Amino acid sequence: MRSLIFNIAYYTISAVYAVVCAILALLPGRRILMHGIRSYARLTVLLMRWICGIRVEVRGTPPKNQPVILAAKHQSWGDGLVMMAKCGDVNFICGDHMLNYPLIGWVLKRCGAIVVSNQGGAEAKASLQAGVARSQGEGRPRPILIYPEGHLTPVGTGLRYRSGAWLLSSQLDRPVVPVATNLGQCWPQQKWTKFAGVAVIEFLDPMAPSADRDGFLAELEHRVETRSRALEAEYSVRRGESVFHPDTAV
């Protein structure tokens with residue numbers, strides 16, 4: 001029942017904020033618009049806690065307003081919202097499927113988001129390069145959030161890490177902060193059902209830019225996946241389960 005209530009509340013505020021942020025996007029600059037987006041993200045995190053019993057715990061130090069690349073595990077539709085709520089003024093890379101939602105394309109353009117093709121290849125690389133150029137031109141650099149796998153993954157699994165995080169790091173000369181999570185155990189991918197518990201977002205030690213693409217990506221994948229598996233195991237222990245089990249849905 002709580003999942004039903006949460007989803008009704010979440011999609012209602014999402015529709016309202018889509019309209020509000022589209023209006024805010026008409027104003028010069030992006031400062032007020034980003035305040036609106038972060039307000040939406042923070043309200044969603046509160047609803048997760050109040051309605052579903054999902055408490056977000058942050059470990060490590062969120063690099064607020066620092067010129068870094070945030071390379072995060074992507075298990076849940078809520079990942080980006082939690083990161084926006086906890087990391088201040090963040091730029092982000094998203095797939096072009098987001099343009100299919102009403103008003104979202106306009107808002108993404110106005111807030112400076114880097115939109116890349118979900119199909120990968122030359123088109124995705126070109127759009128990423130354009131985003132790099134825009135980031136270099138920003139007066140005050142801000143964190144850039146990227147999901148190296150490129151897609152949502154089920155809990156306990158992972159995909160090959162793509163080169164986007166390495167490319168951003170090397171071309172912008174910024175460190176990469178790996179981010180592990182187990183949020184998918186509370187809010188699995190894009191599923192309707194939610195699960196009570198502690199969702200951890202853990203900011204790991206930064207990685208310096210490197211000319212060794214393959215070695216860099218292998219180390220990034222190792223750090224993020226290892227810590228994410230550990231957080232998933234911790235969640236199961238807290239709930240007295242040997243593995244993640246869907247019978248505890250709310």
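Tyr11 counts as partly exposed, because its relative accessibility is 47%; buried means under 20% relative accessible area, exposed over 50%, and partly exposed in between, with a 1.4 Å probe and protein chains only. Tyr11 sits in helix α1, residues 2–24; helices are DSSP runs of H or I with at least four residues, strands are E runs of at least two, and both are numbered from the N terminus.

On provenance: this is a predicted model, where local features need pLDDT of at least 70, side-chain atom pairs count only at pLDDT 80 or more, and totals for chains, interfaces and linings use all residues. Residues are numbered from 1 along each chain as its sequence is written, and side-chain values use heavy atoms, leaving out hydrogens and water.

Now the rings. There are 6 aromatic pairs, where rings of Phe, Tyr and Trp (its six-membered ring) pair if their centres lie within 6.5 Å; planes under 30 degrees apart are stacked, over 60 edge-to-face, the rest tilted. Tyr10 and Tyr40 are stacked, because their centres are 6.5 Å apart and their planes at 25°. Tyr10 is in helix α1 and Tyr40 in helix α2 (residues 31–52), so this pair ties together parts 30 residues apart in sequence. Tyr10 is buried at 4% relative accessibility. Tyr10 and Trp187 have centres 5.5 Å apart and planes at 85°, so they are edge-to-face. Trp187 lies in the loop between β6 (176–181) and β7 (197–203), 177 residues from Tyr10.

Last, the cysteines. The count is 0 disulfides, a disulfide being two cysteine sulfur atoms within 2.5 Å. For Cys21, the nearest cysteine sulfur is that of Cys111, 8.9 Å away.
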